[in-house]
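Good morning, and thank you for coming.

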Amino acid sequence: MSIDGNLQKYQSDAVVAYYLGLTGLQPAEEHLFLRWLKEGSDILDLGVGGGRTTPALSAIARRYVGADYSAAMVAACRQQWPDLAFVHCDATTMACFEDKTFDAVVFPFNGIDVIRSDEGRAKCLGEIARVLKPEGLFIFSSHNARVLGHWPQLQGASGYRIPWRIARAVLKSASLALRGLASDAFWQHEGYIHDPVHGGMDHYVSTPHTIKPQVEAAGFSILEVVNGHFPVVSSPSLAPWFYYACKRTT
Ligand SMILES: C[S@@+](CC[C@H](N)C(=O)[O-])C[C@H]1O[C@@H](n2cnc3c(N)ncnc32)[C@H](O)[C@@H]1O
């Protein structure tokens with residue numbers, strides 16, 4: 001599937017409705033935003049989707065801008081938050097923003113993995129570095145290429161739902177492990193996989209080991225890496241993705 005195939009998914013009514021329905025920060029985001037983002041910052045929320053992170057980030061920002069390459073996502077956000085700024089732009093070519101505009105850029109929930117080439121991802125990291133002020137912050141997540149198990153979501157579950165969710169997690173883990181071990185991306189710690197999400201998308205997957213040289217080449221240093229299931233899970237094999245906080249160093 002080409003990058004346009006991924007974009008088509010993010011333009012579809014069903015997927016826009018799905019992201020509009022998501023609310024609240026993930027605990028890993030809560031931790032990193034609280035630790036690294038300063039009140040009164042100018043913040044760019046890349047791949048804003050249905051605006052899940054908009055309330056939290058706009059509440060602490062002096063200037064908040066949400067951006068997405070899906071026109072449908074941007075339209076949905078503008079309707080929901082008419083007083084906030086949402087821009088239709090591709091993270092790999094952000095000519096709409098001048099150099100050194102933002103104190104912080106976030107690309108949450110693995111949005112950067114939707115970019116379907118190494119060149120595109122390098123361009124995106126370069127553009128993020130360009131629009132950040134010196135020492136600016138970049139917070140993002142990327143799917144874990146080495147995941148082998150699915151951790152059951154037991155929060156809010158009771159009665160028969162608990163064993164049901166555990167059984168489902170065991171089955172999902174078996175299929176994840178089989179798929180992972182059979183993929184080149186698992187053994188190379190990075191690569192492109194076909195992900196069944198939203199009926200099938202192509203995603204980049206990585207590990208902290210393979211992300212480090214990429215962000216460093218764009219002029220960032222990694223401040224902190226957090227398991228996607230923080231704080232419940234610390235095993236890297238059970239991390240669905242890793243969250244990264246980086247600082248622009250050049
Ligand atoms: C997994 S969704 C996350 C949405 C939202 N940030 C959230 O956390 O719920 C990824 C989002 O990134 C957007 N996206 C993917 N590639 C992009 C790119 N190259 N430029 C801008 N947005 C992009 C998609 O359209 C989609 O809205």
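The model before you is predicted, and the count gives one cavity of 30 Å³ or more. To explain the idea in general terms, rolling a probe the size of a water molecule over the atoms shows where empty space is left. Here, the largest cavity holds about 40 Å³ of space. Its lining is made up of I112, R121, L125, F140, I211, Q214 and V215. Two elements each give two or more residues to that lining, namely helix 6 (118-131) and helix 9 (208-217). Helix 9 supplies the largest share, with three residues. By class, five residues of the lining are nonpolar, one is polar and one is charged.

I turn next to an open space, the second largest pocket. Its volume is about 200 Å³. The elements giving two or more residues to the lining are strand 4 (102-107) and strand 5 (132-143). Of these, strand 5 gives the most, with five residues. The lining of this pocket divides into seven nonpolar, two polar and five charged residues.

Now to the ligand. Which residues come nearest to the ligand? Of the 18 residues around it, these are G47, R52, D68, D90 and A91. The shell consists of 11 nonpolar, four polar and three charged residues. Three of the distances deserve mention. A polar backbone atom of G47 is 2.6 Å from a nitrogen atom of the ligand. In the side chain of D90, an N or O atom is 3.1 Å from a nitrogen atom of the ligand. In the side chain of R52, an N or O atom is 2.8 Å from an oxygen atom of the ligand. On its own, the ligand has 600 Å² of accessible area, and the protein covers 98% of that.

Let us stay with R52 for a moment. R52 sits in the loop between strand 1 (41-46) and helix 4 (54-60). Is R52 buried or exposed? R52 has a relative accessible area of 12%, and it therefore counts as buried, the limit being under 20%.

Finally, I come to the backbone. In general, most residues other than glycine have a negative phi, and most peptide bonds are trans. In this model, K100 has a positive phi of about 55 degrees, although it is not a glycine. K100 belongs to the loop between strand 3 (85-88) and strand 4, and it is partly exposed, with a relative accessible area of 48%. F109, likewise not a glycine, has a positive phi of about 50 degrees. F109 is placed in the loop between strand 4 and helix 6, and its relative accessible area of 27% makes it partly exposed.

The bond from F230 to P231 is cis, with omega near 0 degrees. P231 lies in the loop between strand 8 (220-227) and strand 9 (241-248).

Thank you for your attention.

Key: Residues numbered from 1 in each chain as written. Predicted model: local features only at pLDDT ≥ 70, side-chain atom pairs only at ≥ 80, totals over all residues. Heavy atoms only, no water. Near = heavy atom within 4 Å. Polar contact = N/O pair within 3.5 Å; in protein donor to acceptor, adjacent residues only side chain to side chain. Areas by Shrake-Rupley, 256 points an atom, 1.4 Å probe, with all protein chains shown as cover. Nonpolar A, V, L, I, M, F, W, Y, C, P; charged D, E, K, R; others polar. 1 Å grid on protein atoms, 1.4 Å probe; cavity = no way out; pocket = protein on both sides within 12 Å on 5 of 7 lines; lining within 4 Å. Points joined across faces, edges and corners; volume = space filled by probe spheres on them. Helix = DSSP H or I, 4+ residues; strand = E, 2+ residues; numbered from the N terminus. Buried < 20%, exposed > 50% of the residue type's maximum accessible area, 1.4 Å probe, protein only.
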